[in-house]
Amino acid sequence: MNERLTIEAIATDFLIIGGGTAGCAAALSFCESSASGSVLIAEKAHIKRSGCLAAGVNALNAYIVPGKTPESYVDYARADAEGIVREDLLITMARGLNAAAEKLEALGLTMLKNPDGTYAARGTRNIKINGENIKPLLAAAVESQPRVTVLNHVAVIDYIVRDDRVIGAYAIDLLKPVLYVLTASATLCATGGASGLYKPNNPGFSRHKMWYPPFNTGAGYAMGIRAGAEMTTLEMRFIALRCKDTIAPTGTLAQGVGARQVNASGEIYEQKYGITTSQRVHGTVTENREGRGPCALKTVGITAEHDEQLQRAYLNMAPLQTLRWLESGETPSVRNVEIEGTEPYIVGGHTASGYWVSTERETTLKALFAAGDVAGGAPQKYVTGALAEGEIVGKAALRYTASPPPAADLAEAESLRVALEQTLRRSDANDTTDALEAEMQSVMDEYAGGISADYRFSESSLAVADEKIREIARRAEVLAAADTRELAYIFELRERLTLARSVIAHLRARRETRWHSFAENTDYPERDDANFSVFVNSRLENGELKMIFRDLVKVGETYEH
Amino acid sequence: MSIEISREKCVACGACAVVCPGTLIWVDAAAYIKTPDNCWGCASCVKECPRGAIRLYLGADAGGRGGKLSARRDGALTHWSVEKPDGKTVEITVDSRESNAY
């Protein structure tokens with residue numbers, strides 16, 4: 001490897017970090033709302049197949065069906081999060097859900113329609129689609145915009161900050177030895193959330209067979225934490241209930257063919273525990289722990305036609321599940337589909353973890369916006385909610401893009417280049433990135449409520465987790481890379497360690513159990529409304545995390561910085 | 001899970017390397033995955049390959065039994081092919097113009 005890095009400086013009006021769902025929507029919205037102004041998308045993979053939707057998606061899970069209202073969607077999200085939500089963020093998102101769905105149809109996405117032209121509902125909030133090509137369609141729309149430039153295969157590693165204002169970001173090219181200095185009048189963080197903090201379901205060869213993309217490493221959160229942004233609700237972890245081994249979605253089985261959760265005796269247990277997202281996970285965990293597992297979705301007895309439709313549906317979103325059914329001969333009509341909880345993720349599109357933002361989705365760092373999985377306070381976004389937030393930011397960014405992008409400090413870029421080249425030349429590293437990642441995942445699993453701990457933790461176990469994560473973070477300062485891809489892996493590990501520390505601090509601060517499994521504190525096993533009907537927020541100050549408790553933002557209220 | 005790329009069928013066009021969301025595929029005389037345990041199993045590369053040279057499988061540690069999944073694109077149609085461990089093949093064609101039934 002050539003250990004020399006070349007610096008390339010690019011100035012743009014609107015920098016978008018991450019060309020996933022929210023990032024693509026923001027680019028399109030900016031171009032629609034402005035007559036001029038350039039957009040630069042910095043994407044770690046390629047926007048055609050990057051982010052959560054690389055494989056496709058099974059349905060649009062956030063849509064206001066006839067007879068429902070944006071307000072009723074907010075009611076659902078609030079109830080599912082046991083009250084810890086920002087009403088202002090949820091309502092502005094919910095009002096954009098249907099327009100986002102219509103936009104997808106205009107881009108060419110196949111939607112199932114009723115005879116009267118309305119979209120065919122699946123349950124009370126979902127609509128039926130063929131989502132296999134959702135990401136290529138979004139990417140093609142973005143690429144057809146002449147004012148948008150896409151830098152693919154580029155990993156953003158840090159913000160450029162001047163006087164509490166974000167003026168761009170540093171990035172490394174994964175395919176060639178280039179360090180980019182990207183400056184912008186406005187910046188959007190749309191990197192997606194974080195997987196890989198905890199030991200996964202299959203920690204061996206299939207370690208990356210996980211629900212959330214293993215390539216979403218929490219860069220957006222970590223860069224914000226380091227720069228001193230206020231973050232919210234990182235203690236509300238997300239655990240998905242999935243098909244065992246393949247970690248494929250269960251919603252299509254539950255909603256499509258009405259499969260219920262049953263234990264080994266065939267008893268339907270889901271009603272016993274409640275039906276919020278966290279209660280469904282908790283029910284399965286409890287049934288297993290108390291010896292009534294394995295648990296499954298009861299599919300035996302469905303028709304051969306159902307079997308065939310399911311095989312097609314899974315090819316459009318999680319093709320390995322279809323392979324699994326066919327290679328084993330155990331299709332759902334003849335064998336119930338076993339289910340399990342995944343490792344915990346930090347993902348603000350499902351729970352409320354992320355940047356503390358204004359109603360325009362501006363973070364506490366000036367000129368930095370957040371949308372999609374990195375934006376906190378608004379759970380149950382799904383695809384259409386991420387698109388709606390991108391739409392909001394694409395318009396809000398115009399407030400900054402009227403002025404030219406600030407100039408970068410090239411001396412700072414030069415010292416970063418020198419530091420990166422040292423890592424590329426290093427020969428004295430004791431640890432490998434992979435080994436430290438596995439160690440971090442074991443620590444989080446055992447002491448911070450992972451799968452093997454049935455997602456439970458205590459004050460003392462979190463204290464051990466914090467100490468061990470800090471130690472691993474120290475060792476992660478001395479790692480070697482043979483090329484820029486390996487350099488990116490080092491940054492990804494450090495991002496996860498930074499986020500892990502914040503997650504531990506948040507879990508320690510919420511001394512109650514409001515969401516079973518998502519934040520199950522064995523020292524405080526009950527919900528405590530008197531003390532914890534608040535947001536738990538944090539900000540890094542002089543190397544230490546300062547916890548901030550903020551009031552809920554209720555119906556009709558708005559929060560602005 | 002992971003992928004295997006046939007060196008015989010691969011024409012080194014690099015289309016798979018472009019779309020891999022983990023940037024895990026390298027191309028010399030043929031494409032190859034350097035770290036198979038980093039694969040997510042999304043099948044983006046399988047669908048992108050113009051020669052049907054890439055097959056997806058489920059690792060034995062996640063209950064895989066040796067079956068292989070490949071795909072061939074034909075306009076709006078994707079012809080999926082599952083090679084079962086007993087040597088038999090099952091083909092399923094999916095039309096992107098048709099919605100999921102569920």
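The model is predicted: local features need pLDDT of at least 70, side-chain atom pairs count only at pLDDT 80 or more, and totals for chains, interfaces and linings use all residues. Residues are numbered from 1 along each chain as written, chains are lettered from A in written order, and side-chain values use heavy atoms, without hydrogens and water.

**Stop 1: chain A against chain B**

Select both sides of the contact (heavy atoms within 4.5 Å). Chain A gives 61 residues and chain B gives 54. Together they bury about 4800 Å² (accessible area, 1.4 Å probe, lost on being put together and summed over both parts). Carbon and sulfur atoms account for 57% of that. Now pick B:Trp40, B:Asn100 and B:Tyr102. These lose the most area on the chain B side, together 21% of what that side buries.

**Stop 2: charges across the interface**

Show A:Glu132 and B:Lys47. Their side chains form a salt bridge, 2.6 Å from N to O.

**Stop 3: inside chain A**

Seven residues of domain 1 and eight of domain 2 make the contact. The buried area is about 600 Å². Next, select A:Asn201, A:Lys209 and A:Trp211. They lose the most area on the domain 1 side, together 71% of what that side buries. Between the two domains, the salt bridge count is zero.

Notes. Buried area is the accessible area (1.4 Å probe) that two parts lose on being put together, summed over both. A salt bridge is a side-chain nitrogen of Lys or Arg within 4 Å of a carboxyl oxygen of Asp or Glu.
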